[in-house]
Amino acid sequence: MPRTVAQVIVDGLADLGVDNVFGVVGDALNPLTDAIRTTDGIDWTGFRHEEAAAFAAGARAQLSGGLAVCMGTVGPGSVHLLNGLYDAAKSGAPVLAICGQVPLSEVGGDYFQEVDNDLLFRDVAVYRATVTSPAQMPRLLESAVRAAVTRRGVAVLTVPGDLGDQEVEEDRPPRFALPRPAVTRPDDPALAEAAEAIGRGSRVTLLVGRGAREARQEVLRAAELLSAPMVLTLKGKEGFEEENPYEVGQTGLIGNPAAAHAMDTCDTLIMLGTDFPYRDWYPEDCRVVQIDTREEHLGRRVPVDVGLAGDVGATLRALLPLLAPVPSRSHLDEALERFTRWQESQAGLADPAHDRHLLGRVRAMFDNRAEEIRPEALAAAVDRHAADDAIFTSDTGMATVWLSRFVRMRGTRRLLGSYDLGSMANAMPQAIGAQLWAPDRQVVAFCGDGGLGMLLGDLMTIRSARLPVKLVVFDNRRLGMVKLEQEQAGLPEFGTVLDNPDFAAVAEALGLTGIRVTAPGELDEAVRKALALPGPVLLDVVTNPAEVAVPGKPTVSQGWGFAIAKIKENLPSGAG
């Protein structure tokens with residue numbers, strides 16, 4: 001018996017190993033969701049907002065490395081997917097979005113809720129197509145899946161509302177023919193050129209990103225051979241923080257002085273699997289060698305002397321025998337010493353009793369007169385009590401700053417965030433996708449109060465799906481990163497204050513366990529309890545809104561701008 005278009009799609013996804021589809025039900029999707037209902041091996045997780053569903057799909061794809069699927073119905077339902085799909089595209093996550101459309105006979109007539117999906121998703125998708133005949137199945141599904149997986153991006157397949165339940169006459173099983181990723185390395189002359197450039201250096205620094213995760217041993221060997229401090233990108237934390245005697249943390253606005261110094265004082269920079277975008281943080285007047293699988297990334301951020309297109313592991317295995325050791329460890333030891341000093345200073349801030357000590361009392365007179373919980377202490381407490389195989393997500397903004405500085409990716413911990421798109425409100429829905437992918441692992445979301453409030457409705461998805469997600473809310477009643485940006489520019493804080501509810505009480509009303517913490521002395525036990533409790537927990541921690549995350553190399557203009565902003569903020573209303 002011939003199957004319907006919807007059944008062909010659902011059967012194909014199930015055969016491919018897709019066991020969960022995320023979205024919001026709706027008219028044009030009814031044939032598809034009904035096919036999911038009646039098909040073994042694949043389930044539907046209903047969300048309250050399609051953006052959250054797309055974030056969850058992107059998270060699952062990043063963690064698993066395989067295809068994830070989300071759905072949005074006609075018009076607004078598909079439009080709502082867009083931000084989460086942009087995040088997936090920027091993160092290189094293979095996601096298939098199946099979108100509804102008005103009946104085929106009405107397309108082009110400005111019908112109710114009609115949106116041109118092919119145009120809407122033009123910028124975000126590596127593949128997009130609209131099914132206009134059952135005879136196109138399963139060919140269009142095969143093309144969409146193949147594009148998403150092989151090009152590590154978003155594919156959009158639009159199904160008009162009157163086509164999903166039509167029968168496919170020439171029915172056959174899909175044949176996706178997904179190739180294994182090729183492992184390539186540059187040719188020998190290119191490797192020799194790179195070795196010659198590196199060999200002229202005596203102060204070598206490695207900048208290591210996500211693209212080097214599968215080459216941990218080769219990267220560590222390179223650091224040892226070259227006596228090189230290893231600076232990590234945020235996405236390079238996973239895989240390189242554990243048992244790494246060369247690591248000096250991160251650079252950039254969320255980084256530290258040791259990493260900034262290691263970058264600024266090197267005569268040779270080797271970039272491994274990273275497209276770190278912040279040009280101001282690259283060194284000047286030094287040789288640069290870059291290894292990346294994507295040729296178009298070579299030299300995109302900083303001029304490179306030698307660019308090597310290939311897998312980081314395979315390239316290093318061929319390059320290392322050509323390199324001479326750097327005998328002096330002075331560059332490495334200096335960076336490590338600075339990193340240790342910085343870590344010790346940060347540990348002081350993370351002590352809940354910090355503001356009771358002499359220096360802490362002096363500092364608190366300026367930035368924490370109400371003796372509220374410092375966000376550093378919250379992040380450090382989560383790091384202490386979280387499992388060694390926990391999966392962390394973080395909202396864009398200050399929540400990511402505190403995670404980057406105080407949560408170590410030890411054991412088999414994983415890390416996700418909107419680190420390429422930089423969207424708000426990603427941490428909670430990404431945690432949903434992570435928990436559905438790994439039901440037995442601890443999942444901890446570092447939520448900003450602004451981010452959580454933006455997609456608050458999907459707390460109900462956590463409750464409905466009975467997911468044991470742990471939500472840690474940095475409740476500083478502010479859009480903290482925006483506040484910092486305004487003040488560094490010399491502007492008084494404006495428009496960033498949030499009139500928050502008691503998030504713990506909201507969580508309780510929605511069927512989650514809610515815990516609210518307002519005093520530093522209560523923090524450690526509250527964190528321990530929240531992470532140990534079964535089921536979903538929201539930990540609402542009222543943190544100090546005046547906390548400043550000092551960048552790795554603060555500039556005079558930033559400091560002056562901050563001082564001017566504070567003066568303006570304390571002027572009487574209407575003055576100045």
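Colleague: What makes H297 count as buried?

Modeller: The model is a predicted one. Buried means under 20% relative accessible area. H297 has 11% relative accessibility and therefore counts as buried. Its place is in the loop between β11 (287–292) and β12 (306–309).

Colleague: Which residues is H297 in contact with, leaving aside its neighbours within four places in sequence?

Modeller: With those neighbours left aside, D275, Q290 and D292 are in contact with H297. Contact here requires heavy atoms within 4.5 Å.

Colleague: Why is L226 called buried?

Modeller: The limit is again under 20%, and L226 stands at 1% relative accessibility, so L226 counts as buried. This residue belongs to helix α9 (residues 216–226). Not counting residues up to four places away in sequence, L226 touches I198, V204, I270, L323, A324 and V326. As for V527, 301 residues apart from L226 along the chain, the two C-alpha atoms are separated by 41 Å.

Colleague: Why are the buried residues of α19 said to line one face of the helix?

Modeller: Helix α19 covers residues 480–488, and its buried residues are G480, K483, L484, Q486 and E487. Viewed down the axis of α19, these buried residues fall within an arc of 160°, and therefore they line one face of the helix. After α19 comes G490, with a positive phi near 85°.

Colleague: What is the phi of A177, and is A177 buried or exposed?

Modeller: Most residues other than glycine have a negative phi. A177 is a residue other than glycine, yet its phi is positive, near 45°. The term exposed requires over 50% relative accessible area; A177 has 63%, so A177 is exposed. A177 is found in the loop between β6 (154–160) and α8 (188–199).

Colleague: What makes R466 count as exposed?

Modeller: Against the requirement of over 50%, R466 has 70% relative accessibility and therefore counts as exposed. R466 is also a residue other than glycine with a positive phi, in this case near 55°. The loop between α18 (459–464) and β16 (470–475) holds R466.

Colleague: Which kind of peptide bond joins M137 and P138?

Modeller: Most peptide bonds are trans. The bond joining M137 and P138 is cis, with omega about 5°. P138 lies in the loop between β5 (125–130) and α7 (139–150).

Colleague: How do you know that the radius of gyration of the chain agrees with that of a compact globule?

Modeller: For 576 residues, a compact globule would have a radius of gyration near 25 Å; the chain has 25 Å, and therefore the two agree. Along the principal axes, the C-alpha atoms fill a box of roughly 75 × 65 × 50 Å. The chain has 22 helices and 18 strands, and 56% of its 576 residues count as buried. Among contacts with a separation of 6 or more, 73% are between residues 24 or more positions apart.

Colleague: How many positive and negative side chains does the chain have?

Modeller: There are 56 positive and 77 negative side chains, and the centres of the two sets lie 4 Å apart. The accessible surface of the chain is about 23900 Å², with 52% of that area belonging to carbon and sulfur atoms.

How values were computed
Residues are numbered from 1 along each chain as its sequence is written. This is a predicted model: local features need pLDDT of at least 70, side-chain atom pairs count only at pLDDT 80 or more; totals for chains, interfaces and linings use all residues. Side-chain values use heavy atoms; hydrogens and water are left out. Helices (H or I, at least four residues) and strands (E, at least two) are DSSP runs, numbered from the N terminus. The radius of gyration is taken over C-alpha atoms; the globule rule is 2.2 Å times the number of residues to the power 0.38. Buried means under 20% relative accessible area, exposed over 50%, partly exposed in between (1.4 Å probe, protein chains only). Accessible areas come from the Shrake-Rupley method with a 1.4 Å probe; for residues, only the protein chains shown count as cover. Lys and Arg count as positive and Asp and Glu as negative; His and the chain ends are not counted. The place of a charge is taken as NZ of Lys, CZ of Arg, CG of Asp or CD of Glu. The arc is that of the directions from the helix axis to the C-beta atoms.
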